[in-house]
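Here are my notes for your review. Please read them with the model open beside you.

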Amino acid sequence: MKYMHTGIPLSAKLEGMMYAAPLKVWIKNEPTYQIEFLYFEAASPMAGAIQTQTHVAYEVENIDQAMEGKDVLWPKFDLGDAYIGFVLDKAVVVEFYQKK
């Protein structure tokens, strides 16, 4: 498991954010500090905890194995070149990322 970023939900969009239409979320990465800023539209289908709580993201070799036995907030989702999924583990929102 390799640390990728910390995701921080915002109440307003930042300049330069990119839109992820299927998730109805705007994203901007700050690579210097490995931070991902997120602005969720009201109609975003993502779980409330993902939209309101800071999360940590890890790259994993097997996303199914990483998510197994955990409280799933957002099931494995196909981004095209990778999969993501979110869990709640020990009161922490965790994102798992697996390259295809």
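1. Start with Lys99 and Glu59. Their side chains meet in a salt bridge at 3.9 Å, N to O. The term means a side-chain nitrogen of Lys or Arg within 4 Å of a carboxyl oxygen of Asp or Glu. Lys99 lies in strand E8 (residues 92-99) and Glu59 in strand E5 (residues 55-59), so the pair ties together parts that are 40 residues apart in sequence. Strands (E, at least two residues) and helices (H or I, at least four) are DSSP runs, numbered from the N terminus. Glu59 is partly exposed, with a relative accessible area of 22%. On this scale buried is under 20%, exposed is over 50%, and partly exposed is in between (1.4 Å probe, protein chains only).

2. A word on the basis. This is a predicted model: local features need pLDDT of at least 70, side-chain atom pairs count only at pLDDT 80 or more, and totals for chains, interfaces and linings use all residues. Residues are numbered from 1 along each chain as its sequence is written, and side-chain values use heavy atoms, with hydrogens and water left out.

3. How many salt bridges does the structure hold? The count is three. One of them joins the side chains of Asp64 and Lys76, at 3.2 Å, N to O. Asp64 sits in helix H2 (residues 63-67) and Lys76 in strand E6 (residues 71-78), so this contact links parts that are 12 residues apart in sequence. Both ends are partly exposed: Asp64 has 44% relative accessibility, and Lys76 has 36%.

4. Asp78 and Lys100 also meet through their side chains in a salt bridge, at 2.8 Å, N to O. Asp78 belongs to strand E6 and Lys100 to the segment after E8, so the pair ties together parts that are 22 residues apart in sequence. Is each end buried or exposed? Asp78 is partly exposed, at 41% relative accessible area. Lys100 counts as exposed, at 53%.

5. Now the sheet. Eight strands form an open sheet in the order E2-E3-E4-E1-E5-E8-E7-E6, with mixed pairing. Its edge strands are E2 (18-20) and E6, each pairing on one side only. Neighbouring strands are turned by 25 degrees against each other on average, direction ignored. Axes here are lines fitted to C-alpha atoms, for helices over the stretch in contact, and angles run from 0 to 180 degrees between N-to-C directions.

6. E6 runs antiparallel to strand E7 (residues 82-89), and five bridges join them. Two strands pair if DSSP finds at least two bridges between them. Asp78, the salt-bridge partner of Lys100, stands opposite Tyr83 in E7.

7. Which strands pair with E1? Strand E1 (residues 2-9) pairs with E5 in the antiparallel sense over five bridges. There, Tyr3 stands opposite Tyr58 in E5. E1 also pairs with strand E4 (residues 35-40), in the parallel sense, over four bridges. In that pairing, Pro9 stands opposite Leu38 in E4. Strands of a sheet pair through backbone hydrogen bonds, either parallel or antiparallel.

8. Last, a loop residue. Gly16 lies in the loop between E1 and E2. Gly16 is exposed, at 57% relative accessible area. The C-alpha atoms of Gly16 and Glu36 are separated by 12 Å, and the two residues are 20 apart along the chain.
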